[in-house]
Amino acid sequence: MGRDRAAAFRFRPRARELLDELPRERPESPGVKVAEALWAHSQGEVGAARELLTSVVAAKPELRAALEQDPDLGHLMAEP
């Protein structure tokens, strides 16, 4: 999606609709919550984004390092 995926959501009118379809297509994927975190971040809902990422790491601790390195979400992984 490019360098700033969170910003991209602001400009894609169908983004929310696609996000709503993700759980039906990939119900077990942690990517669903990561995508929701990107959406929340793009809407200025930093706390919600952080909560979603925390739940991803709780379920899949092995994803922590990748999320910490993420250019859009990594800063949310640090303690507030």
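Visitor: What makes up the largest nonpolar core?

Guide: This is a predicted model. Its largest nonpolar core has twelve residues: Val34, Ala37, Leu38, Ala40, Ala49, Leu53, Val56, Val57, Leu67, Leu73, Leu76 and Met77. H3 and helix H4 (46–59) each supply at least two residues of this core.

Visitor: Why is that set called a nonpolar core?

Guide: The name applies because the residues are buried, belong to the listed nonpolar types and are joined through side-chain atoms within 4.5 Å. In soluble globular proteins, nonpolar side chains tend to be buried together.

Visitor: How do you know that Leu67 is buried?

Guide: Its relative accessible area is 8%. Buried means under 20%. Leu67 therefore counts as buried.

Visitor: Where does Leu67 lie, and what does Leu67 touch?

Guide: Leu67 lies in helix H5, which spans residues 64–69. Leaving out residues up to four places away in sequence, Leu67 touches Val34, Leu53, Val56, Val57, Leu73, Gly74 and Met77. Take Val34 from that list. Val34 and Leu67 are 33 residues apart along the chain, and their C-alpha atoms are separated by 8.8 Å. With the same exclusion, Val34 touches Val56, Leu67 and Leu73.

Visitor: What makes Glu68 partly exposed?

Guide: Glu68 has a relative accessible area of 41%. Buried is under 20% and exposed is over 50%. The value falls in between, so Glu68 is partly exposed. Glu68 has its place in helix H5. Beyond residues up to four places away in sequence, Glu68 touches Gly74 and Met77. Glu68 and Ala78 are ten residues apart in sequence, with 7.9 Å between their C-alpha atoms.

Visitor: Why are H3 and H4 called roughly antiparallel?

Guide: Two packed helices are described by the angle between their axes and the distance between the axes. The axes of H3 and H4 cross at roughly 165° and come within 8 Å. Angles over 145 degrees count as roughly antiparallel. H3 and H4 are therefore roughly antiparallel to each other. Their crossing is left-handed.

Visitor: Which residues make the contact of H3 and H4?

Guide: H3 brings Lys33, Val34, Glu36, Ala37, Ala40 and His41. H4 brings Ala48, Ala49, Leu52, Leu53, Ser55 and Val56. By class, the contact of H3 with H4 has eight nonpolar, two polar and two charged residues.

Visitor: Ala48 is in helix H4. What is its relative accessibility, and what does Ala48 count as?

Guide: The relative accessibility of Ala48 is 31%. That sits between the limits of 20% and 50%, so Ala48 counts as partly exposed. Ala48 and Glu36 are twelve residues apart along the chain, and their C-alpha atoms are separated by 9.1 Å.

Visitor: How do you know that H2 and H3 are roughly antiparallel to each other?

Guide: Helix H2 (residues 15–25) and helix H3 (residues 31–42) have axes that cross at roughly 160°. Those axes come within 9 Å. The cut-off for roughly antiparallel is over 145 degrees. H2 and H3 are therefore roughly antiparallel. H2 passes H3 in a left-handed crossing.

Visitor: Which residues of H2 and H3 make the contact?

Guide: From H2 come Ala15, Arg16, Leu19, Leu22 and Pro23. From H3 come Val32, Ala35, Glu36 and Trp39. The contact of H2 with H3 divides into seven nonpolar, no polar and two charged residues.

Visitor: What pattern does the protein follow along the sequence?

Guide: The pattern is α-α-α-α-α. The protein has five helices and zero strands.

Visitor: How many of the 80 residues in the protein are buried, as a percentage?

Guide: Buried residues make up 32% of the 80 residues. The cut-off behind that figure is under 20% relative accessible area.

Visitor: Among contacts between residues at least 6 apart in sequence, what share joins residues at least 24 apart?

Guide: The share is 47%.

Conventions:
Residues numbered from 1 in each chain as written. Predicted model: local features only at pLDDT ≥ 70, side-chain atom pairs only at ≥ 80, totals over all residues. Heavy atoms only, no water. Helix = DSSP H or I, 4+ residues; strand = E, 2+ residues; numbered from the N terminus. Buried < 20%, exposed > 50% of the residue type's maximum accessible area, 1.4 Å probe, protein only. Contact = heavy atoms within 4.5 Å. Axes fitted to C-alpha atoms, helices over the stretch in contact; angles between N-to-C directions. Parallel < 35°, antiparallel > 145°, perpendicular 65-115°, else oblique. Left-handed = near helix turned anticlockwise from the far one by under 90°. Nonpolar A, V, L, I, M, F, W, Y, C, P; charged D, E, K, R; others polar.
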